Amino acid sequence: MSSVALQTALSLPGRALLGGAAGLLATLAVDVVLRWLPEGTTVPYVAAGALSDASLSSVSHRLAVVVHYGAGTGSGLLFAALGLAVEGLSGLSPLLSFLVAALVQLPLMIVFFSYIVVPTYGRVPSERVGRLRRDWALSATVYIVTLTILVAVPVSAA
């Protein structure tokens with residue numbers, strides 16, 4: 001692909017598509033990590049339970065999967081938009097703009113899930129909350145690192 005074609009492909013719609021696709025792929029990378037963590041696979045069920053007002057034991061697997069991949073894809077779109085906004089407002093290079101976006105989005109993801117979703121849901125036993133938050137922080141870090149590589153490299157190459 002020529003430089004002009006790549007630049008056109010990575011305009012606003014191209015970056016949105018790249019962000020969503022990269023978010024989905026980064027979520028697949030998180031799936032690997034979730035399997036290793038003590039509370040890792042609980043995360044999608046907490047999110048789905050919070051949305052459906054269902055207990056952890058009654059959240060359907062299908063709903064947990066839809067919420068998990070939907071949130072991952074949506075977070076990828078948000079990341080692409082945030083990187084574009086940083087680039088436009090600061091004049092930084094695309095690579096640096098996405099590094100700033102990663103430094104902003106990661107703590108927001110951790111705080112949102114750990115201190116808004118989990119307490120609002122209120123159905124995770126207190127002895128599991130700390131483990132759940134640690135597992136989520138690690139999973140979110142893997143997500144953001146993967147997402148940054150998948151988005152920043154192609155955009156910076158354009």
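Me: What makes a residue part of the lining of the largest pocket, and which residues lie nearest its centre?
Reply: The largest pocket is lined by 28 residues, with A47, A71, F112, F113 and W136 nearest its centre. They count as lining because each has an atom within 4 Å of a point of the pocket (on a 1 Å grid over the protein atoms alone, an open set of points where a 1.4 Å probe fits, with protein on both sides within 12 Å along at least five of seven lines). The model is predicted: local features need pLDDT of at least 70 and side-chain atom pairs 80 or more, while totals for chains, interfaces and linings use all residues. Residues are numbered from 1 along each chain, and side-chain values use heavy atoms, without hydrogens and water.

Me: Which helix gives the most to the lining of the largest pocket?
Reply: Helix α5 does, with 8 residues; helices here are DSSP runs (H or I, at least four residues), numbered from the N terminus.

Me: Why is α3 called oblique to α5?
Reply: Helices α3 (residues 42-52) and α5 (residues 94-121) pack at about 60 degrees, with axes 9 Å apart. Axes are lines fitted to C-alpha atoms over the stretch in contact, with angles from 0 to 180 degrees between N-to-C directions. Under 35 degrees is roughly parallel, over 145 roughly antiparallel, 65 to 115 roughly perpendicular, and the rest oblique; the pair is therefore oblique.

Me: Which residues of α3 make the contact with α5?
Reply: V43, V46, A47, G49 and A50 of α3 meet F113, V117, V118 and Y121 of α5, contact being heavy atoms within 4.5 Å.

How values were computed: Helices (H or I, at least four residues) and strands (E, at least two) are DSSP runs, numbered from the N terminus.
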